[in-house]
Amino acid sequence: FDAKSGIRVILQTTGLSSAGTYQIRFNRDAGTNYYSRDYTATGRAGFVFQNESAADTQILLVSTATTSPLTLDFFVPNISGTQKTFGWNGGIGNASAIPQIQTGSGTWQNTSDQITQITIVSGVNLNANSRLTVIGY
């Protein structure tokens with residue numbers, strides 16, 4: 001997609017083919033340029049810290065292995081000359097359980113390029129009818 005100064009990303013999946021994690025990469029950059037932290041709310045006790053990752057090769061959106069469907073929504077400032085730091089919110093779960101709230105934050109350290117490509121990296125396949133929607137503004 002064409003570079004815009006901001007992008008809204010909506011990830012809607014129907015699940016994964018086998019247990020895996022949800023991760024993203026920008027512009028096919030597989031270098032150690034990503035930092036992230038994610039949390040899950042699984043009950044009344046509030047959010048539980050799941051993972052934090054520094055100098056990784058992708059952003060971990062959901063770091064606990066799952067096959068469950070997921071919906072996440074996030075806005076990314078996409079300005080050349082600055083790192084891309086953003087937060088996300090959403091839900092994960094299946095029909096037989098109460099859904100969990102998923103939230104986190106991440107940074108792509110690249111300061112020279114705008115994001116023009118997003119890749120889902122999970123190690124397993126997304127189920128049919130999953131989609132990634134990107135809206136530039």
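Within strand β9, Thr-119 is the bridge partner of Arg-25. The model is a prediction, in which local features require a pLDDT of at least 70 and side-chain atom pairs count only at pLDDT 80 or more, while totals for chains, interfaces and linings use all residues. Residues are numbered from 1 along each chain as its sequence is written, and side-chain values rest on heavy atoms, with hydrogens and water left out.

## Overall build

The secondary structure of the protein amounts to zero helices and ten strands, where helices (H or I, at least four residues) and strands (E, at least two) are DSSP runs numbered from the N terminus. Read from that end, the elements follow one another as β-β-β-β-β-β-β-β-β-β. The radius of gyration of the protein is 14 Å, close to the 14 Å that the globule rule gives for 137 residues, so the protein is as compact as a globular protein of that length; the radius is taken over C-alpha atoms, and the rule is 2.2 Å times the number of residues to the power 0.38. Along the principal axes, the C-alpha atoms of the protein fill a box of roughly 45 × 30 × 25 Å. Of the 137 residues, 36% count as buried (under 20% relative accessible area, with exposed over 50% and partly exposed in between, for a 1.4 Å probe and protein chains only). Among the contacts (heavy atoms within 4.5 Å) between residues at least 6 apart in sequence, 71% join residues at least 24 apart.

## The sheet of three strands

Strands β5, β2 and β9 form an open sheet in the order β5-β2-β9, with antiparallel pairing; two strands pair if DSSP finds at least two bridges between them. Here β5 and β9 stand at the edges with a single partner strand each, so one side of each is left without a neighbour in the sheet. On average, and with direction ignored, neighbouring strands of this sheet are turned by 20° against each other (axes are lines fitted to C-alpha atoms, for helices over the stretch in contact, and angles run from 0 to 180 degrees between N-to-C directions). Four bridges join β2 to β9, and β2 also pairs with β5 in the antiparallel sense over four bridges, where Ile-59 in β5 is the bridge partner of Ile-24. Six of the eight residues of β5 are buried, so this strand is largely enclosed by the rest of the structure.

## The sheet of seven strands

The other open sheet discussed here takes seven strands in the order β4-β3-β8-β7-β6-β1-β10, again with antiparallel pairing. Its edges are β4 and β10, each with a single partner strand, so one side of each is left without a neighbour in the sheet. Neighbouring strands of this sheet are turned by 15° against each other on average, direction ignored. Five bridges hold the antiparallel pair of β6 and β7, and in β7 the bridge partner of Phe-74 is Trp-88.

| Residue | Relative accessible area | Class |
|---|---|---|
| Ser-122 | 13% | buried |
| Phe-47 | 48% | partly exposed |
| Val-48 | 39% | partly exposed |

Ser-122 is found in the loop between β9 (118-121) and β10 (131-136). The side chain of Ser-122 reaches the backbone oxygen of Val-124 at 2.5 Å, and, leaving aside neighbours within four places in sequence, Ser-122 is in contact with Leu-16, Gly-20 and Thr-21.

Phe-47 lies in strand β4 (residues 47-56), and Val-48 is found in strand β4 as well. Not counting residues up to four places away in sequence, Phe-47 touches Tyr-39, Thr-40, Ala-41, Ile-101 and Thr-103, whereas Val-48 touches Asp-38, Tyr-39 and Thr-40. Phe-47 and Gln-102, 55 residues apart in sequence, are 8.7 Å apart from C-alpha to C-alpha, while the C-alpha atoms of Val-48 and Gln-83, 35 residues apart along the chain, are separated by 27 Å.

Key
A polar contact is a pair of N or O atoms within 3.5 Å; within protein, one must be able to donate a hydrogen and the other to accept it, and residues adjacent in sequence count only if both atoms are side-chain atoms.
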